[in-house]
Amino acid sequence: MTNHYRLFAWNLSYFSAKIRAYLRFKEFHGVLSYEEILATQDIIDAIIKPATGTNVVPQLQGADGRWFQDSSEIIDLLEAANPQAPVIPTGPKQKLVSYLVELLADEWMLPWGFWERWHHTQKKNSPNHEVFNALQWGRIFNVDGTGSERIAAGRFAFGEAKLDDPDNAPGGPIVGLTQLGVTPKTQEAWTESMMDMLACLEAHFDLHDYILGGQPSLADFALLGPLYPHLYKDPVPGFMIRTQYPMVSEWIERVNGSKEAGYKSYREPQYRLVDGELVKQQPGTILPNDEVPATLLPLLQIFFSEMWPMLKDTVHVVREFAAAAPDSDLPGKTFHSSAEFKDAQSGDGGLTLEFQIGDEHERRMASPYHVWMLQRMSDAIASDKPELVSFVNAFEEGAELLDLENLLADCRLVKEFEKLTLAK
């Protein structure tokens, strides 16, 4: 089968969850097939990194040997090659919503999702899921070991990253959280923001099975990234999600492609009793007439109120930084800076900015990847602007979104795997 793919992934990975659920949906509809391969350290070193130059996951290999990396780019490329059962709506408003929710899920939910995982893995903090997290990471470093040996391998990796001594760590998750703007000063504000988003989703899933009705879209797969591996599977936040947000919990099972009766997944046939006989129901669809549910509007306003100001400032910071060395590479998508860009993306470096979360102001690294995501969205909605005016005007700061093309002038980027450069 020419449209067969190999997914190299981790079960604990934010963006692996997004791509896995997407591939399950496409495979269910007979559009493609795939197999998932655990990206152990030896596979990364021997196969993945020599082929693509990067060790991040997920990565996808096609039957023709081509490699794809980065969840958003993977979906763009696979949708173009396998357009049946599309996940990106054609209606202007629904398409824009799909990209907005993807950006919110991929990048704005990420700091808090990472904090929940790694804060509760540090030995000093309680409640704690360090041993669970060690076992998950141990599968990567010692896949054939016993359970105890895998826990030991995970704990060794935590020690190498100085998880419990972040002041002396060269990089890693705790350093990365600081660079993402999660500090003691902002932790409570980030938590309040995430609880607000979860409350919005809980109210929405009270009435709708998926973000845009009765069928999953790009927005659903993107939201699974933070909500499944970090906030549902990890034990400490998992208890909170299950006990405080049961409808979000059901949605997680649903969009993840559960086959269990009761979750109303697209993979689960629905039956009703009609005149004493079981009658199979028609599968759900995306809402007709380009409708955006009213229950979704509060979540979209969080994008405009919280994330959009940071994104605008990011474009200006990246433009100025890139202009100083237009032929140099820029940092790729990252959760903490590489050694090469640590000074630029830390403290008051040239690739940092001040942002606001709740009532708190803090600094964080500016990510050129955010610029690439904005230009991708701008390109996708370029022909839809007239149909979007009244919709975006309903949001505070919303009208500015349709001026993306001008905002991105002289700051358009070229992406090749993780590598980002200023377009000539």
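Where is proline 127 found? In this predicted model, proline 127 sits in the loop that runs between helix H5 (110-119) and helix H6 (130-141).

Valine 57 and proline 58 are linked by a cis peptide bond whose omega is about 5°. Proline 58 belongs to the loop between helix H2 (41-52) and strand S3 (59-62).

Backbone phi angles come next. Most residues other than glycine have a negative phi, and most peptide bonds are trans. Alanine 85, which is not a glycine, has a positive phi of about 50°. This alanine lies in the loop connecting helix H3 (71-81) and helix H4 (92-108). Aspartate 290 also has a positive phi, near 60°, and is a residue other than glycine. Its place is the loop between strand S6 (277-280) and helix H13 (297-324). Is aspartate 290 buried or exposed? Its relative accessible area is 15%, and buried means under 20%, so aspartate 290 counts as buried.

The last stop is tyrosine 263, in the loop between helix H12 (246-255) and strand S5 (271-274). Which residues does tyrosine 263 contact, leaving aside neighbours within four places in sequence? They are Glu250, Glu253, Arg254, Ser258 and Glu268. Aspartate 209 is 54 residues away from tyrosine 263 along the chain, and the C-alpha atoms of the two are separated by 9.3 Å.

Terms used
Residues numbered from 1 in each chain as written. Predicted model: local features only at pLDDT ≥ 70, side-chain atom pairs only at ≥ 80, totals over all residues. Heavy atoms only, no water. Helix = DSSP H or I, 4+ residues; strand = E, 2+ residues; numbered from the N terminus. Buried < 20%, exposed > 50% of the residue type's maximum accessible area, 1.4 Å probe, protein only. Contact = heavy atoms within 4.5 Å.
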